[in-house]
2 protein chains.
Amino acid sequence: MAAAIALSERGRGRTGDNPNVGCIIVKDGIIVGRGWTQPGGRPHAEAMALEQAGKATKGADIYCTMEPCAHESKRGPTCVDLVKEAAPARVIVATLDIDERTRRQGIDRLGESGISVSVGVLEQQAHRAMAGFFTRMEKGRPHVTLKLAMSLDGCIAMADGTSKWITGKRARAHAHLERARCDAILVGAGTVVADNPGLDVRLTGLEGRSPQPVVLGKAEVADHWTEISEPEAIAELDQTSWLLVEGGAATAASFLKADLVDRLLLYRAPIMIGGGLQAIGDIGLGSLDVAHGQWVRLDRRDLGQDMLELYERAA
Amino acid sequence: MAAAIALSERGRGRTGDNPNVGCIIVKDGIIVGRGWTQPGGRPHAEAMALEQAGKATKGADIYCTMEPCAHESKRGPTCVDLVKEAAPARVIVATLDIDERTRRQGIDRLGESGISVSVGVLEQQAHRAMAGFFTRMEKGRPHVTLKLAMSLDGCIAMADGTSKWITGKRARAHAHLERARCDAILVGAGTVVADNPGLDVRLTGLEGRSPQPVVLGKAEVADHWTEISEPEAIAELDQTSWLLVEGGAATAASFLKADLVDRLLLYRAPIMIGGGLQAIGDIGLGSLDVAHGQWVRLDRRDLGQDMLELYERAA
C-alpha cells in the first residue's frame, strides 16, 4: 500500500477535482500492474493498472489508495465494474471515498460479487496523499500549503526587501518540486509589485508542471494569472485541489487569520538577519494559549545547509 | 576520553578563570579515579582523580581533557608533579593548554620522565567543553551563548510583549540547566523593566547554581546585580568564562553586531504568533552573502513539543 500511495503522489496537483489515487496489482508476489490518476482525472488509477495487468489480474491482489468508484460517468465505466470483470481474489483499500455517490458502495459491490475486501490499510497516509481532494470535498476549497523561506531569526528578507538568497540551491529546488505538486500557486499583490515572481517550476523536465498563478489583490499580472480579492475566494478556483501560498507576510497572515492553512512548509537557513522582514503579519492572536496545539510536525530534514520542516493542522 | 569530557562538564560555569578539566584514571580496564575541576578552580581535576585512585595509579592510564598544569602556584603543587609522582604508564590528553606557562611543558615534562604521552584525542569536543576558558584566553572575554525562545515564525513575544509561555516545561527546564552551566547571565535594561526576571536556576537541587545576573544599560536592579554599559564590557566581568545572554531583541542584536556571540541556543515552539516581537533587532547586515557561513549546527533535538537547536560560530 505504501507503494500505491507513492504512485498516487505522481498525480498530485494534476488531477483537478479528482482524487489522485494510486493502484498496484500483485500476483504471486510480483507486481503486474501499476496505475495512478492521469492528468485531468482520467484514466483512473485502477483502469490504468488493470490495463497493464490484463488477464494476470485474475486471482490477484489489488491495492487501491481509495475505494474504486461506483458511480456512472459519461467518461467511462466505473472502476468497480472493471475490477469485478477482472476477477481479482482480493481488493485492499486504504480509505473510503468521501463522495456520497461512491462511499461504501464501491467496497460493498465488490464484496457482494465474492471478492475479499479489506479497508483501512495506511488510511492516514493515503488521506494525506490525497488531502487536496478530501479538503475540497469537506471544506469546499483547495488544500492550502503555506511556504516560508526564513533565517534562524524568522526573517523572510532583509529590511530593504532583499531575499535572494536566504536558502541554498537544494532547498530552492525542493520548493520548486512542491510547486509542481500543486494545481495553483498564490502570492500577494505586494509580492508581485516587489518581486514580479515567475512562480513557474524551474526544474529540468518539470517545466510543464508549473501551477496556475494566482494573485491576492490588485496587481499588474500577465493574462494567464487569476486574480482573487480575498483568501476565501480560493473556493472558486477552478480545478484546484492543491494550492501553494508563497507570501508575503501580509498574505500569509491573511490566510492564517482566515484559518485557511492546512500545511506549513518551512525552509530555514542557518543565518541571522536581524531586524528584517517578519515572516507573518498580524493574525489577530488573542493569547498565547490559543496558539498552542494547532500544528503537528510531520517531517524534518536537512536540505544542504538548510532545514525543511513540515507541519500540518492538528486533528 | 568521552567520559572525561562529560566529567569536565560538571565544573562548567563554576571554575571562574580556570579551565573546567575532566580526568579519569583507568587501571586494568577499571576506572579507579575520576576528577573534575572543583568550584573556584581547586582542586584540579587531576589532583582529585589521583587522590581517589591512590596507589592504583601506578602503571595506569590517565585521561585528561587538557594537559596537566606545569606552572607553580601558591595554591598547590603542579599536576605534572603529582602525576609524575604517581607513576602512571600513560597519559592521554585531549588538548594542549593555551596558557603559555604550561603549554607543551606539561606533556614535555611527563614525556621526559618516561611516561608515554598521547595528545589530540577528541580534541575538538574537549575544546568545546572548555570553550569558556579558551575564549577567555584567546579573546579576553567570556564565551557567549545567545538564548532565544521563539515561535515558528521567529517571534519571542506577542506584539504586547506577552511571552509566557511560548515554549513548554521541558524546554524551559533545559534553559534553566543552561543557566546553571554559566558563570553569569545577562539581559538588557528593557527586559528588566518589562519582565523583572529572576534569572535564577529554578531546578530542584540546582538552586545554588544560579549565575551572576548582569544588566546591559541602566535599570533598577537588586544590589547583587552587575551593570555594564556596552557589550564589550563583558571582558571585565570577574571570574566569568561562560556568559548566557537572554535578550531582548535589542540586546541580542547588540551582541551579534559586536561579533560577541559564540553559540546560539534556540528553543522553538510549534506555534505561529504573527506580527509579534522579532527575536533580533537590526545587526547592521550589509548583504545576505555575508550572513551565510557564520553558523554551524551542533545539535538538534525535541524537548516535548518544542525543538532545541544549537549552533556555534563557524571556524
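In this predicted model, 44 residues of chain B are in contact with 43 residues of chain A, where contact means heavy atoms within 4.5 Å. Residues are numbered from 1 along each chain as its sequence is written, while chains are lettered from A and ligands numbered from 1 in the order in which they are written. Because the model is predicted, local features need pLDDT of at least 70 and side-chain atom pairs count only at pLDDT 80 or more, whereas totals for chains, interfaces and linings use all residues; side-chain values use heavy atoms, with hydrogens and water left out.

**Interface**

The size of an interface is often given as the accessible area lost when the parts come together. Chain B and chain A bury about 3400 Å² between them, and 60% of it lies on carbon and sulfur atoms; buried area here is the accessible area (1.4 Å probe) that two parts lose on being put together, summed over both. On the side of chain B, the residues that lose the most area to chain A are B:Met272, B:Gln278 and B:Leu288, which together account for 20% of what that side buries. Six salt bridges are found across the interface of chain B and chain A, a salt bridge being a side-chain nitrogen of Lys or Arg within 4 Å of a carboxyl oxygen of Asp or Glu.

**Salt bridges**

Over all chains, the count by this rule comes to 42 salt bridges.

| Pair | N to O distance |
|---|---|
| B:Arg268 and A:Glu309 | 2.7 Å |
| A:Arg181 and A:Glu9 | 3.0 Å |
| A:Glu246 and A:Lys147 | 3.6 Å |

A:Arg181 forms its salt bridge with A:Glu9 at 3.0 Å. A:Arg181 lies in the loop between α7 (169-180) and β8 (184-188) of chain A and A:Glu9 in the loop between α1 (2-8) and β1 (22-27) of chain A, so this pair ties together parts that are 172 residues apart in sequence. Helices (H or I, at least four residues) and strands (E, at least two) are DSSP runs, numbered from the N terminus. The side chains of A:Glu246 and A:Lys147 also meet in a salt bridge, and that pair links distant parts of the chain, with A:Glu246 in the loop between β11 and α9 of chain A and A:Lys147 in strand β6 (residues 143-150) of chain A, 99 residues apart.

**Helix packing**

In chain B, helix α2 (residues 45-53) and helix α3 (residues 79-86) pack at an angle of about 25°, with their axes 9 Å apart; axes are lines fitted to C-alpha atoms, for helices over the stretch in contact, and angles run from 0 to 180 degrees between N-to-C directions. That angle makes α2(B) roughly parallel to α3(B), since angles under 35 degrees count as roughly parallel, over 145 as roughly antiparallel, 65 to 115 as roughly perpendicular and the rest as oblique. The crossing of α2(B) and α3(B) is left-handed, a term used if the near helix is turned anticlockwise from the far one by less than a right angle, with right-handed used if clockwise. B:Glu46, B:Ala47 and B:Leu50 of α2(B) make this contact with B:Cys79, B:Leu82, B:Val83 and B:Ala86 of α3(B).

Helix α3(B) also packs with helix α4 (residues 105-112) of chain B, at an angle of about 20° and with the axes 10 Å apart, which makes α3(B) roughly parallel to α4(B). The crossing of α3(B) and α4(B) is right-handed, and the contact is made by B:Val80, B:Asp81, B:Val83 and B:Lys84 of α3(B) and B:Gly106, B:Arg109 and B:Leu110 of α4(B).

In chain A, the axes of helix α2 (residues 45-53) and helix α3 (residues 79-86) come within 9 Å and cross at roughly 25°, and the crossing of α2(A) and α3(A) is left-handed.

**Backbone exceptions**

Most residues other than glycine have a negative phi, and most peptide bonds are trans. A:Leu199, in the loop between α8 (189-195) and β9 (212-216) of chain A, has a positive phi of about 60° although it is not a glycine. A cis peptide bond joins A:Gly247 and A:Gly248, with omega about 5°, and A:Gly248 is in the loop between β11 (242-245) and α9 (249-257) of chain A. In chain B, a cis peptide bond joins B:Gly247 and B:Gly248, with omega about 5°.
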